Amino acid sequence: MAEDNSSQPLEDDVVQEVLRTGKDLREYSKQVEKELKEVENKSIQDYIKESQNIVSLHNQITACDDILERMESMLMGFQSDLGSISSEIVYLQKKSVSMSQQLHNRQAIRGQLSQFIDDISISKGLINAILDSPVTEKEFLTNLNLLNHKINFVKEHGFKEVKACQDVKDDLEKLKIKAVSKIRSYLMEQISKFRKPMANYQIPQNALLKYKFFFEFALANERAVAQEVYAEYTDTMSKIYFSYFKDYSSRLMKLQYEESAGKDDLIGHEEVGQRGLFHKASLKNKSTVFTIGNRGDVLTTQLEAPIIIPHSAQKSEAKYPFEALFRSEQFALVDNACREYLFICEFFMVQGKEAQKLFNQIMGKTLTLLAKNLETFVQNCYDTIALFLCLHLIMHYQLLCHKRAVPALDDYWEKMQSVIWPRFNYIFRLNIASVKDCDPTKFNKEMKPHYITRRYAEFSAAIVGISENFPSELVTKLCAELLEEVEFFILRMAAIFPQRKEQLIFHINNYDMILSVLMEHTRDSSREAEHFREQLSQWSTEYVEEILSPHFGGMIQFVKEGEAIVEKGQSDQLKKQESKSLALVQSFSSGWKRSLEVINQEVLSSFPSLLTGSTLLQLAFTQLVQYYHRFHKLLTPTAKAQLTNIHHIMVEIKKYKTSY
């Protein structure tokens with residue numbers, strides 16, 4: 001299409017020229033052919049002239065073809081080489097990955113193999129240390145740990161039939177025998193030190209703990225030797241503890257008070273002459289039976305105090321109640337038993353039932369001895385406070401053992417309690433029965449606190465005070481029964497007085513004394529204190545009414561009757577009793593001062609306790625003022641005008657109050 005487009009203008013021009021001039025086309029064709037012929041001839045001449053150049057060009061083209069052919073051949077070879085290089089690169093990459101994995105594997109094997117060689121090989125230093133070094137040197141202990149590791153390693157790999165293990169097995173066996181022999185000699189030597197007279201066995205125990213790995217090594221590699229050490233230690237310490245506590249307990253009992261409570265030392269037993277339990281001459285060699293005194297210190301300041309040294313106490317001629325000796329003995333046991341239990345757990349590597357079994361083998365005979373000693377004392381004991389203090393000492397020491405993480409004595413503590421509780425219950429009930437069976441007619445007819453009541457107050461305060469840390473249902477029940485019998489006794493004693501006022505004075509004196517003793521030794525909120533406080537309030541109220549009645553009975557009766565009438569809505573009837581009220585007003589006005597003085601003297605003479613008398617006197621005057629106010633409200637205006645001014649009465653009452 002391009003050629004057609006380019007030639008079209010020429011043809012158009014030629015055609016237009018022909019058409020314009022009118023030439024003959026055949027002529028024109030011949031002319032064109034002639035021109036073409038001439039051009040062809042000229043072209044041939046030009047080719048002839050340039051023939052040498054054309055030949056030269058042909059030769060050059062031919063040469064170029066050869067060169068290009070060789071280039072093609074070279075390029076084909078290069079392409080083939082490139083393909084080969086690519087394959088080699090892929091091969092090298094694969095080989096590099098393989099070599100890297102092999103290197104990693106070899107390094108891993110090298111580490112394991114190196115560790116294996118270290119674990120299985122026996123160095124000259126190890127041999128020399130086991131054979132020549134004393135067992136107490138650090139070098140021996142360090143190499144003993146290393147030897148133990150190698151023995152375990154060879155034993156573990158021996159099951160896998162590792163040939164290298166067979167090569168060193170005999171040498172390790174010889175070293176093990178030598179090490180066990182030296183360890184046995186050392187341990188037996190240390191155990192033998194326990195038997196030396198006056199030896200402080202804590203020193204060899206600490207030495208054993210320092211080298212506790214010796215027993216572990218023997219137990220793992222030569223059980224017979226470990227069992228021999230175990231048996232030797234158990235037998236030695238069992239004898240040492242038994243001998244020590246047998247001697248110590250025997251010497252302690254010589255320090256007990258020469259006189260002890262007997263079957264007649266009961267709350268309700270009658271005092272005979274100077275035989276009384278509170279007779280001061282006997283207290284030097286006898287503990288108080290009913291009063292706690294400073295005996296309770298064994299549960300507080302003396303609980304963890306140093307134990308009693310018998311020979312020192314004998315030099316000073318000191319004597320002690322049984323509970324003080326019991327405390328010293330049991331605290332010595334706690335210290336020794338706790339230390340021993342913790343030692344055997346650490347040195348012999350035992351826990352739980354195994355530790356308990358070993359502990360029983362060592363301390364069993366000693367514990368049995370102490371339990372029998374207690375049984376011997378309890379069989380003939382009538383000192384309830386001593387038994388109760390011992391019970392609470394047991395509870396405190398059991399708790400102390402638990403704080404030290406030593407449960408090994410739990411069965412022992414239970415055994416000791418089971419020995420004391422029945423006897424305690426028996427003696428307590430003897431005291432209850434003694435109060436129940438006593439005859440009030442045998443005693444002096446006095447309104448002051450009775451000595452049986454005082455005994456009860458001191459005894460009850462002691463029991464309640466001791467019980468505060470470890471309450472017991474049995475003790476609570478026994479105390480309630482004793483309280484009931486004591487109240488019945490006070491009622492029976494009060495009945496021997498003919499007048500109600502005397503009976504009330506006897507009640508108040510006894511209840512007030514009991515309450516004051518309880519308040520001194522127990523908590524204010526104790527059940528017993530609350531009970532006696534309530535009872536004392538009731539007796540005091542009745543007593544106040546009783547002492548007011550002879551002097552102001554008419555006014556009190558008028559108040560009660562008048563208030564009853566008012567409550568019924570019959571206030572008009574009070575006006576009808578104006579003459580009666582006027583008589584009462586005149587009687588009160590004429591004698592109230594003298595009555596106050598008489599009441600004051602009567603109250604103070606009836607009660608040994610000045611505080612109790614003063615309290616009752618003020619209670620009586622307070623009650624009188626209240627009655628006076630109520631009386632004033634019931635009077636007619638005429639009667640009120642004649643009534644003494646309350647201010648004068650209050651001023652007079654204050655005079656008595658300031659005296660106390």
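Asp 383 and Arg 295 are both buried, a term that here means under 20% relative accessible area, with exposed meaning over 50% and partly exposed lying in between (1.4 Å probe, protein chains only). The two side chains form a salt bridge whose closest N and O atoms are 2.9 Å apart, where a salt bridge is a side-chain nitrogen of Lys or Arg within 4 Å of a carboxyl oxygen of Asp or Glu. This pair links distant parts of the chain, 88 residues apart, with Asp 383 in the loop between helix 12 (352–379) and helix 13 (384–403) and Arg 295 in the loop between helix 9 and helix 10 (310–315). Helices are DSSP runs of H or I with at least four residues, numbered from the N terminus.

The model is a predicted one, in which local features need pLDDT of at least 70 and side-chain atom pairs count only at pLDDT 80 or more, while totals for chains, interfaces and linings use all residues. Residues are numbered from 1 along each chain as its sequence is written, and side-chain values use heavy atoms, with hydrogens and water left out.

The count of salt bridges comes to 18. One of them joins Glu 481 to Arg 429 at 2.7 Å, N to O, and this pair too links distant parts of the chain, since Glu 481 belongs to helix 16 (residues 473–494) and Arg 429 to helix 14 (residues 410–437), 52 residues apart. Glu 481 has a relative accessible area of 22% and is therefore partly exposed, as is Arg 429 at 34%. Through salt bridges that share partners, Arg 295, Glu 323 and Asp 383 are joined into one network.

Within helix 9 (residues 223–253), Arg 251 and Asp 247 lie 4 residues apart, about one turn of the helix, and their side chains meet in a salt bridge of 3.5 Å, N to O. Arg 251 is partly exposed, with a relative accessible area of 29%, and Asp 247 is partly exposed at 41%.

Turning to the cysteines, the count of disulfides comes to 0, a disulfide being a pair of cysteine sulfur atoms within 2.5 Å. Cys 390 is in no disulfide, because the nearest cysteine sulfur, that of Cys 381, is 7.9 Å away, whereas the cut-off is 2.5 Å. Cys 390 is buried, with a relative accessible area of 0%, and Cys 345 is buried at 11%.

Finally, Glu 69 is found in helix 3 (residues 51–120) and, at 53% relative accessibility, counts as exposed.

Note on methods. Helices (H or I, at least four residues) and strands (E, at least two) are DSSP runs, numbered from the N terminus.
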